[in-house]
Amino acid sequence: MSSARVPNVSGRSFLRSPSEPFPTRRFGPNRPAILAFILIGFFYVIFLPSSFCVPNRPNILLIVSDDLGYSDLGCFGGEIETPNLDRLAEEGVRLTQFYNTGRCCPSRASILTGQYPHRVGLGHMTIDLNRPGYRGRVSEEAQTIAQVLEPAGYRSFIAGKWHLGTKDPTQHGFEEFYGTLVSAKRFFDPSHLLRLPEGRKALSYEEGEFYATDAITDHALDFLSLARETPERPWFLYLAHPAPHFPLHAPKEEIAKYADRYHEGWDKIREERLKKMKALGIVSEETELTPRSPYWNYGETVTGTNPAWADISDPSRREDLARRMAIFAAMVDRMDQQIGRVIEDLKANDEFENTLIIFLSDNGACAEWDWKGFDERSSNINHLHEGFEGLDSMGGSGTFHSVGSGWANSSNTPWRMYKHYNYEGGTNSPGIIHWPARLNSMAGQLHRQPAHVIDLLPTFVAAADISYKGELPLPGEDLLAQIFGEDSSFRTLYFEHESNRAIREGNWKLVALKHEPWELYNMSRVRTEMEDLSGKYKDVVTRLSGKWDDWAEENFVTPLPKDYGVKYLKKRVEGRGARDE
């Protein structure tokens, strides 16, 4: 191994390279200087918390994208230009089985608290369903990463999307906030984002200059400047980009780069991406494309299957769809550019080497609500944009498009399904971990063991060499320990969203659509979930479904709601589903 494991007082361990021995100090004959040094040290020991005195704690930069598909980044097989994230991947470690919860609010709850989302009240969205697992806001007993790190001297900041159902992230351990408390709605409207705590002023922009992805980065850089006023204290920055979540908004110059790229259609893009993914080693050579996935419209009154691109006979429809994906790609490209600004800032301030950077997406790409995509608002409304003027208007201020289920299926290549669902397409994130001070020997490697967003908080606790003192035990694991050789391939992970459910244990995955029977898949070589083994291994189904039931009861998941309080889902029909009320 290229690192040594050193126990700390909490019984955990942190990682130290053998080439970096513990610091030693030589004293010369100047006794007054020695005495002064001792007195100063005595003062710090007596009057400062001991946790503040541990040297070389890393800064932590957690970057979360919104609705980014598994294969959208270049380093995960995509054609979108993402050189900055690709470079982090080349110099760091990519996680090929990095799971999320399948939806934004629940994933963000898990990311920030290290808990399964229902356990902290965010099993669905920010609507209070009057039950412990579905209160629509993060529970008071949950500690965020910021609150856990604070006793160790960390200063914490958030720029981007909150979406945990409460009104002020600075009441959850963060010093400063700029962004949106809910989902992204308008990328060209500065009034959609706010500055907290109350009384803080956001940066101002000239008319026509504001773009949310850029503004979030501007404020993030300001927060880092603020953190550098106390260089003896490490910082934690949660950079939660709303991109590429709908509405599809991007600067025209970015859209122009991709305006002609997607006319070949989603079937060809899926083939190209899978070929590249195999070359990169992201998926095995045996992996095949899954069949085109089904979709459900807003309200679940109509269902169908994404059509073959060649079967879309109207050339105007194909142009409209290609432009939607071009805008999506432009949003990802621009986000990568802004991440590059942050990286350059870290390098300019000699912080890059000892900053632990983790990148992920909160869920798979979003299919809402059919292959044509929606317009005006989240709904079944769709407008066909025709001709130069119609296409040129797309993606600008005052528009509101989604990319649709066909392109979402492509973004999640080669997996089945999308956001909302517990198949791989809904719950797999492109994950990157980068930390030159500790992971240089692992540069470019692929980490293939199952991991989950609940692992982030334990990872930061271990990296900072501190003890976790929260009320709720942490169900996750230290990702760094995994990367450095600790075998966790047989761990058990649990999922549920909108009555869709899954459990992953070792190479087995049990998964089901809401109100449908369990399906069983062997994930050892190919994770495309195409060969259902539930009829052949009924004992495995019984055992794993029993474990899921126990977990669901312990974590306030069940009984499953009949009505989630949203119009895009049907209310539960009485008498169907053993796990419902």
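Tyr262 and Trp407 are both buried. In this predicted model, the two residues form an edge-to-face aromatic pair, with 5.5 Å from centre to centre and 75° between the planes. The count of aromatic pairs comes to 29.

**Aromatic pairs**

- Tyr262 is located in the loop between helix H6 (252–258) and helix H7 (266–280), whereas Trp407 belongs to helix H10 (residues 405–411), so their pairing ties together parts that are 145 residues apart in sequence.
- The 29 aromatic pairs include that of Phe188 and Tyr211, whose ring centres are 5.4 Å apart; the planes meet at 45°, so this pair is tilted.
- Phe188 lies in the loop between strand S6 (176–180) and strand S7 (194–196), and Tyr211 in the loop between S7 and helix H5 (212–227); the contact therefore ties together parts that are 23 residues apart in sequence.
- Tyr211, in contrast, has a relative accessible area of 3% and is buried.
- A cluster linked by ring pairs consists of Tyr116, Tyr494, Trp518, Trp548 and Trp551.

**Charges over rings**

- Arg501 lies over the face of Trp518, at 4.5 Å from the ring centre; Trp518 is also a member of the aromatic cluster.
- Lys347 places its charged end over the ring of Phe352, 4.9 Å from the centre of that ring.

- Strand S6 is largely enclosed by the rest of the structure, because five of its five residues are buried.
- Glu176, Tyr178 and Thr180 point one way from S6, while Phe177 and Gly179 point the other way.
- In a regular strand, side chains alternate between the two faces of the sheet.
- Strand S5 (residues 155–161) runs parallel to S6 and is joined to it by five bridges.
- The pairing of S6 with S7 is antiparallel and extends over three bridges.
- Gly179 has Leu194 in S7 as its bridge partner.

Conventions: Residues are numbered from 1 along each chain as its sequence is written. This is a predicted model: local features need pLDDT of at least 70, side-chain atom pairs count only at pLDDT 80 or more; totals for chains, interfaces and linings use all residues. Side-chain values use heavy atoms; hydrogens and water are left out. Rings of Phe, Tyr and Trp (its six-membered ring) pair if their centres lie within 6.5 Å; planes under 30 degrees apart count as stacked, over 60 as edge-to-face and the rest as tilted. Helices (H or I, at least four residues) and strands (E, at least two) are DSSP runs, numbered from the N terminus. Buried means under 20% relative accessible area, exposed over 50%, partly exposed in between (1.4 Å probe, protein chains only). A charge sits over a ring if NZ of Lys or CZ of Arg is within 6 Å of the ring centre and within 35 degrees of the ring normal. Two strands pair if DSSP finds at least two bridges between them.
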